[in-house]
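Please keep the viewer at hand as you read.

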Amino acid sequence: RGRLLRQVVPVLETGMERAVGLAESMDSRGFGHRPASRHDAIAGWLSLAALVEGHIRTGDVPEAQKLIDKMPKAFEGKTEGMVLQAYVLDFVGKYAEADALYKKVLDLEPENAKALFRLAHNTDLRGDDDESQKLYDRLRKVRPPYVNATLNLGLMFEDRGDYQKAL
């Protein structure tokens, strides 16, 4: 009956209605009726990290900080959470603290692309071209490639007049 009604009377669902519908559908199939697995926890963490990053990018730093503060204890000290906290520090102008946290992340995970990029970018903004080039070069070797790093490195070479390397 519901399907027929939706075909006959066009209904514009909001995102919330769709989310509730999906949750009800998953619940009726037994999802969530068992203890969360490690994979469930990882998926939840990645979703939370994406949400925090979205708040930071749109300038809603207080909301991002609230979410970071609510992060599960299981992820305390993990590099992804540390990068998000450093990103917040970056956004509010605490660059030295942010850089220290990015360096700590790189001590734990030397190829962390987000930490490498943010540290290289900050170093570049401070005018330390040699150090930022070293960081961008490290990042260039990380797979999958981090496109923004390649672009910034090319711009650095162009600024120096080294057009062959810029290409």
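**Ground rules**

This is a predicted model, in which local features need pLDDT of at least 70 and side-chain atom pairs count only at pLDDT 80 or more, while totals for chains, interfaces and linings use all residues. Residues are numbered from 1 along each chain as its sequence is written, and side-chain values use heavy atoms, with hydrogens and water left out.

**The chain as a whole**

The protein chain has ten helices and zero strands. Helices here are DSSP runs of H or I with at least four residues, strands are runs of E with at least two, and both are numbered from the N terminus. Read from the N terminus on, the order of elements is α-α-α-α-α-α-α-α-α-α.

Of the 167 residues, 31% count as buried; buried means under 20% relative accessible area, exposed means over 50%, and partly exposed is in between, with a 1.4 Å probe and protein chains only. The accessible surface of the protein chain comes to about 11,600 Å², and 57% of it belongs to carbon and sulfur atoms. Those areas come from the Shrake-Rupley method with a 1.4 Å probe, and for residues only the protein chains shown count as cover.

Contact means heavy atoms within 4.5 Å. Among contacts between residues at least 6 apart in sequence, 41% join residues at least 24 apart.

**Salt bridges**

Side chains of opposite charge can pair when their charged atoms come close. The structure holds five salt bridges, each defined as a side-chain nitrogen of Lys or Arg within 4 Å of a carboxyl oxygen of Asp or Glu. The table includes some of them.

| Pair | Closest N and O atoms |
|---|---|
| Glu-63 and Lys-66 | 3.8 Å |
| Lys-114 and Glu-80 | 3.6 Å |
| Asp-137 and Arg-140 | 3.3 Å |

Lys-114 lies in helix α7 (residues 113-125) and Glu-80 in helix α5 (residues 79-91), so this pair ties together parts that are 34 residues apart in sequence. Lys-114 is partly exposed, with a relative accessible area of 29%.

Glu-63 and Lys-66 sit three residues apart in helix α4 (residues 61-69), and are therefore separated by about one helical turn. Glu-63 counts as partly exposed at 27% relative accessibility, and Lys-66 counts as partly exposed at 47%.

In helix α8, Asp-137 and Arg-140 are three residues apart, again separated by about one helical turn. Arg-140 counts as partly exposed, because its relative accessibility is 43%.

Which residues does Ile-68 touch, not counting residues up to four places away in sequence? They are Val-52, Leu-84, Gln-85 and Val-88. Ile-68 is found in helix α4 and is buried, with a relative accessible area of 10%. Its C-alpha atom is separated by 8.4 Å from that of Ala-49, 19 residues apart along the chain.

Gln-85, in helix α5, counts as partly exposed at 21% relative accessibility. Leaving aside neighbours within four places in sequence, Gln-85 is in contact with Gln-65, Ile-68 and Leu-101. Gln-85 and Gln-65 are 20 residues apart in sequence and 7.8 Å apart in space, C-alpha to C-alpha.

His-55 has its place in helix α3 (residues 38-57). With neighbours within four places in sequence left aside, His-55 is in contact with Asp-60, Val-61, Glu-63, Ala-64 and Leu-67. From His-55 to Gln-65 the separation is ten residues in sequence and 9.1 Å in space, C-alpha to C-alpha.

**Two aspartates**

Is Asp-99 buried or exposed? At 7% relative accessibility, Asp-99 counts as buried. This residue is found in helix α6 (residues 95-108), and, leaving aside its neighbours within four places in sequence, Asp-99 is in contact with Leu-119, Asn-122 and Arg-126.

Asp-159 lies in helix α9 and counts as exposed, at 68% relative accessibility.
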